[in-house]
Each structure stands twice: as structure tokens, then as C-alpha cells.
Amino acid sequence: ELGMRRGAARGGEVVTVSGFNIAPTGEGLRCRFSGTGFAEVVPATFQPHPPAALCRTPRLPGAAAVGGTSAAQRAQVEVTIDGTFPEVSAAAAAAPFGFYDPSVPPVVVSLAPSS
């Protein structure tokens with residue numbers, strides 16, 4: 001489970017990932033953010049109560065340090081305690097995450113109530 005489901009494309013935001021079997025394994029504790037055309041592995045910090053991994057979001061490819069040119073993109077977040085990410089279990093162990101570009105204005109697609 002993710003404590004935050006969206007983050008800026010420029011990266012640098014802390015995401016709390018909770019679940020089962022997350023343990024303080026030192027350098028083996030890592031998060032992987034992956035989506036269309038990118039996969040970035042970042043170090044994680046163990047949070048003991050409740051057990052969770054704290055991961056800093058990477059910069060989405062093509063995004064500038066401030067603002068950026070990348071459109072919103074969906075990604076998956078996975079956690080490993082031994083530094084490896086087996087492809088077999090990736091779909092079952094991944095949580096959805098969305099990157100957005102804060103320099104791009106929002107687009108209104110609907111209003112409620114309609115009258």
C-alpha cells in the first residue's frame with residue numbers, strides 16, 4: 001500500500017510503501033519505479049512502526065529539475081529486501097503510482113452537478 005499515489009515528475013518526494021515482509025535489510029531495501037520506457041531503482045529507509053519502506057521518488061525521464069516537459073505518466077512501485085526484483089512476482093507485488101508535471105495547468109474534463 002502506498003502512502004501517496006501521485007508525485008511530481010521532478011521527483012524528490014518521499015513515498016511510504018507498507019505491506020508484508022518489509023524488513024530492515026540495509027542496502028538490500030530498495031524501491032523500483034517503472035513505467036513506459038523507464039525503470040528506476042532507489043534506496044529505501046526502513047520505518048519500524050508500522051513496518052514500511054520510505055522511498056524518494058526519482059525524476060521522471062524528460063522532466064526538468066523544476067517544472068518539466070513530461071506529461072502525466074502511470075508507474076508501478078515495487079519493494080525488495082534483497083536488492084533484486086524478480087519479474088515473475090512483479091505484477092502481484094506492485095502498487096500503482098502516477099507522476100504529474102506541476103508546471104502544466106490542469107485540464108477540466110467534467111463538472112458536477114451538471115445543472
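**Notebook: strands, core and cross-links**

I read the order of elements from the N terminus first: β-β-β-β-β-β-α-β. That makes 1 helix and 7 strands in the chain; helices (H or I, at least four residues) and strands (E, at least two) are DSSP runs, numbered from the N terminus.

I noted that this is a predicted model, where local features need pLDDT of at least 70, side-chain atom pairs count only at pLDDT 80 or more, and totals for chains, interfaces and linings use all residues. Residues are numbered from 1 along each chain as its sequence is written, and side-chain values use heavy atoms, with hydrogens and water left out.

**Burial and contacts**

I looked up burial for the chain: 34% of its 115 residues count as buried, meaning under 20% relative accessible area, with exposed over 50% and partly exposed in between (1.4 Å probe, protein chains only). The chain exposes about 7,100 Å², and carbon and sulfur atoms supply 58% of that area. For contacts (heavy atoms within 4.5 Å), I took those between residues at least 6 apart in sequence; 62% of them join residues at least 24 apart.

**Core**

I then went to the largest nonpolar core, which has 19 residues. Such a core is a set of buried Ala, Val, Leu, Ile, Met, Phe, Trp, Tyr and Cys residues joined through side-chain atoms within 4.5 Å. C31, F33 and C55 touch the most other members. Strands 2 (14–18), 3 (30–35), 4 (38–47), 5 (52–56), 6 (73–80) and 7 (95–100) each give two or more residues to this core.

I listed the neighbours of C55, leaving out residues up to four places away in sequence; among them are V15, V17, C31, F33, V42 and A44.

**Disulfide**

How many disulfides does a search of the whole structure find? I found 1, taking a disulfide as a pair of cysteine sulfur atoms within 2.5 Å. The disulfide joins C31 to C55, with S to S at 1.7 Å. C31 is in strand 3 and C55 in strand 5, so the pair ties together parts 24 residues apart in sequence. Both ends are buried: C31 at 0% relative accessibility, and C55 with a relative accessible area of 0%.

**Salt bridge**

I counted 1 salt bridge, the rule being a side-chain nitrogen of Lys or Arg within 4 Å of a carboxyl oxygen of Asp or Glu. The side chains of R32 and E78 form this bridge at 3.0 Å, N to O. R32 is in strand 3 and E78 in strand 6, so distant parts of the chain, 46 residues apart, are linked. I checked burial here too: R32 is buried at 12% relative accessible area, and E78 is buried at 6%.

Technical notes
Accessible areas come from the Shrake-Rupley method with a 1.4 Å probe; for residues, only the protein chains shown count as cover.
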